[in-house]
Amino acid sequence: MDIEVLEGVFDANEKIARENEELFRSRGVLAVNLMASPGAGKTSLVIRTLELLRGKLRIGVIEGDIASSVDAEKVKSQGVPVVQINTGGVCHLDAAMIRQALDHLDLAALDLVIIENVGNLVCPAEFKLGEGLRAMILSVPEGHDKPLKYPLMFSDSQVLVVNKTDLLGMGDFDMDELRSTVLRMNPRVAIFEVSCRTGEGLQDWADWLEERARENLKGVDEGST
Amino acid sequence: MHELGVTESIAGIVLRHARMNGAKRVLKVNIKLGELTGIVDHYVAFYWDMVTKDTVAEGAELNFIKVPTMARCARCEEDFHIQEYDLTCPRCGEIASDIVSGREFLVESIEIE
Ligand SMILES: Nc1nc2c(ncn2[C@@H]2O[C@H](COP(=O)(O)OP(=O)(O)O)[C@@H](O)[C@H]2O)c(=O)[nH]1
Ligand SMILES: [Mg+2]
Ligand SMILES: [Zn+2]
């Protein structure tokens, strides 16, 4: 006997993701899911962004890590609310983990929540968290050919931050090639070239992110009147 | 990389529907898998036996139906198969297409007795 099922393997996660999304929306918080390989500069970008947006937006951070809390400690020293999630070996964050983390964040007191996902270019792309913005980092040493190897994340992100531009010229990273590959896959993606080491390019990124957060707030105000 | 968790989700879905339909045994599971997902089917198959051991789904065949990544051009509405993840429309050259399939990952049906 044939039984029709038609159930998505990620349905359970997506249901919770939608609830998280609603929670963020109702509190006027823009949630950013920040994804990248290990070592691409996620924690560095979070810290730089906190420095640049200090006094402009109220920011909280969720740090996903397989085991340690090193990144969370670094971010905490910036004086912002930080919640650490240890995935216990799991290669990505999922919506239920975010839901639990949200019990420890006062969303009403925040405008922006940055979620540092587990370092991995494959798995995080499959698991929606309820974010309003999907962001990813590619760092120069990883090479400009990564988009074709890890297409889902590059296709689905709304913004790509190319980090470690201070290392351009040391290898064969071709920025024009990267841009054209990514824009062919994802024509609407915003691309920023930055160096978290020298600070180059970061102001443009921070301004752009601030504007996204303000648009989000405006959306909430209009929705409630 | 997360194929174990994914296989557990599939088993959960399959076993729930098997129970609802009073299945004695699940013979086959038809799974739609989009090309754009990062899921590697033979890893899922590898975990399947382990995850379904001592259940009514033990020994069930996994049948993966691959779904190609397709896009539709926003300008001329041409549908085309994306190769090398290039969204450039082969008919008019516009790069403004939307991906319309390739992200699927669902249990479509099961065969039970
Ligand atoms: N040269 C260079 N190194 C960087 C840059 N940004 C981060 N790094 C270094 O890259 C390493 C990994 O950074 P981290 O932020 O911890 O990456 P994460 O694993 O993605 O969170 C650290 O040693 C950073 O100092 C950059 O712009 N240029
Ligand atoms: Mg980190
Ligand atoms: Zn066209």
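Guide: In this predicted model, the magnesium ion (ligand 2) is coordinated at 2.1 Å by T43(A) through OG1, D71(A) through OD and E116(A) through OE. Along the sequence these donor residues follow the spacing T-x27-D-x44-E. T43(A) lies in helix α2 (residues 42–53) of chain A and D71(A) in helix α3 (residues 70–76) of chain A, so the pair, 28 residues apart, links distant parts of the chain. T43(A) and D71(A) are both buried.

The zinc ion (ligand 3) is held by chain B: C73(B), C76(B), C89(B) and C92(B) each coordinate through SG, at 2.3 to 2.4 Å. The spacing of these donor residues is C-x2-C-x12-C-x2-C. The arrangement is tetrahedral because the four donor atoms subtend angles of 104 to 117 degrees around the zinc ion. C89(B) has a relative accessible area of 2% and is therefore buried, whereas C92(B), at 26%, counts as partly exposed.

Four strands form an open sheet with mixed pairing, in the order β1(A)-β6(B)-β1(B)-β2(B). At the edges stand β1 (2–8) of chain A and β2 (61–67) of chain B; each has a single partner strand, so one side of each is left without a neighbour in the sheet. From one strand to the next the twist averages 20 degrees. β1(A) pairs with strand β6 (residues 105–112) of chain B in the antiparallel sense, over five bridges. D2(A) stands opposite E111(B) in β6(B). Helix α1 (residues 3–20) of chain B packs on the sheet, where the helix touches β1 of chain A as well as β1 (26–34) and β6 of chain B. The direction of helix α1 of chain B makes about 40 degrees with that of β6(B).

Definitions and conventions. Residues are numbered from 1 along each chain as its sequence is written. Chains are lettered from A and ligands numbered from 1 in the order in which they are written. This is a predicted model: local features need pLDDT of at least 70, side-chain atom pairs count only at pLDDT 80 or more; totals for chains, interfaces and linings use all residues. Side-chain values use heavy atoms; hydrogens and water are left out. Donors are N, O and S atoms within 2.8 Å of the metal (3.2 Å for Na, K and Ca); water is not among the atoms, so sites may look incomplete. Helices (H or I, at least four residues) and strands (E, at least two) are DSSP runs, numbered from the N terminus. Buried means under 20% relative accessible area, exposed over 50%, partly exposed in between (1.4 Å probe, protein chains only). Four donors count as tetrahedral if all angles lie between 85 and 135 degrees; four count as square planar and six as octahedral if opposite donors are over 155 degrees apart and all others between 65 and 115; anything else is irregular. Two strands pair if DSSP finds at least two bridges between them. Axes are lines fitted to C-alpha atoms, for helices over the stretch in contact, and angles run from 0 to 180 degrees between N-to-C directions. Contact means heavy atoms within 4.5 Å.
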